Protein chains: 2
Amino acid sequence: MSGGELKLVEVDEPDDHDYRLQEQVGFILRKAHQRHVSIFASQIGDLTPPQFAALAKLHDVGETSQNQLGTLIAMDAATVKGVIDRLKARGLVDLTKHEVDKRRLLVNLTPEGREAIERLIPLARAITQETLAPLTAKEAATFMRLLAKLA
Amino acid sequence: MSGGELKLVEVDEPDDHDYRLQEQVGFILRKAHQRHVSIFASQIGDLTPPQFAALAKLHDVGETSQNQLGTLIAMDAATVKGVIDRLKARGLVDLTKHEVDKRRLLVNLTPEGREAIERLIPLARAITQETLAPLTAKEAATFMRLLAKLA
DNA sequence: TCAAATTCATTCGTATGCAAATGATATCAA
DNA sequence: TTGATATCATTTGCATACGAATGAATTTGA
């Protein structure tokens, strides 16, 4: 040891070894989303969350164009097309051309689609509850408030 | 009006009209995740969050099997294979067979992979910051604590 | 020891999710 | 009016994401 020297070091400049993937918001967000999708699948096996969202929104607002529906449920045009195509193939929605604006494709619930979404809404409530189950009621309220600010 | 009758109704049993998709945790979780991925892409254009996660974890723990890596970054075997294949195609990782256990495929960072992840970690810190920017420091801490309980 | 169970990796099929390009239609503005 | 813009939908290509089936190798347990 040649002892006695002092070194200046940047103590608050984190180096690479400080980066902990497991603590990053993006990583945990992805895991939380995975868990929710898994809970969803266990309660509603024959419909995906995006498909459910499309039906629920149609039930809420009635007839809309495919693009408009996409905006309402936060899906881009390409994604919503796939979702609607699959719902149509199962007879849960039907598609008609807009009489005036020939660019638009109008989406409607079929009677089967309406029956399905009304039957599934109680299950969706249970899914929300189960997803939030690790939190107390107060924590859940706080979490939802903060999550909404991030989204 | 034949007036005067009373009806029993379930006032605390919510009907279907009460279901608001936009307020469900799953829907908002999906949107928050979308926003994060978008922020990530704006800061790190040539790597996806899963690819980054794989490199960051390899940097952290060193050589591991493909399956083990998947466990560490919360990806199933099929998904992690695709991610690793693409990283290998870009020369950021290399793959070798385990000498003893011939089932295992060992994954390692290449020098290029190490250079890349060390260069990107500061950007990843910025991504985390920007994702949490809508919250105050105190809110962010609370949010992270609750999110971790959900994930 | 050896048959059963487990683990690791791969493949297939299906479903988001988004960027970019394209075509048809509608709207705006000079 | 018409040329530039904007909107709606579609298509292609790429990247997760996961269930299920399969095959190879290892571990377990009777």
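Author: A polar contact is a pair of N or O atoms within 3.5 Å; within protein, one must be able to donate a hydrogen and the other to accept it, and residues adjacent in sequence count only if both atoms are side-chain atoms. This is a predicted model, where local features need pLDDT of at least 70, side-chain atom pairs count only at pLDDT 80 or more, and totals for chains, interfaces and linings use all residues. Residues are numbered from 1 along each chain as its sequence is written, chains are lettered from A and ligands numbered from 1 in the order in which they are written, and side-chain values use heavy atoms, without hydrogens and water.

Reader: How do you know that Gln51(A) makes a polar contact with DNA strand C?

Author: A polar side-chain atom of Gln51(A) is 3.1 Å from a phosphate oxygen of DNA strand C, and the limit is 3.5 Å, so the pair counts. For Gln66(B), a polar side-chain atom lies 2.7 Å from a phosphate oxygen of DNA strand C.

Reader: Which helix supplies the largest share of the surface near DNA strand C?

Author: Helix 4 of chain A does, with four residues. Helices (H or I, at least four residues) and strands (E, at least two) are DSSP runs, numbered from the N terminus. Helix 1 (25-43) and helix 3 (66-72) of chain B are among those that each supply at least two residues.

Reader: What makes strand 1 and strand 3 of chain A a pair?

Author: Pairing takes at least two bridges found by DSSP; strand 1 and strand 3 (residues 105-109) of chain A have two, in the antiparallel sense, so they qualify. There, Thr64(A) stands opposite Val107(A).

Reader: And in chain B, how many bridges join strand 2 and strand 3?

Author: Five bridges, again in the antiparallel sense. Lys97(B) stands opposite Leu105(B) in strand 3 of chain B.
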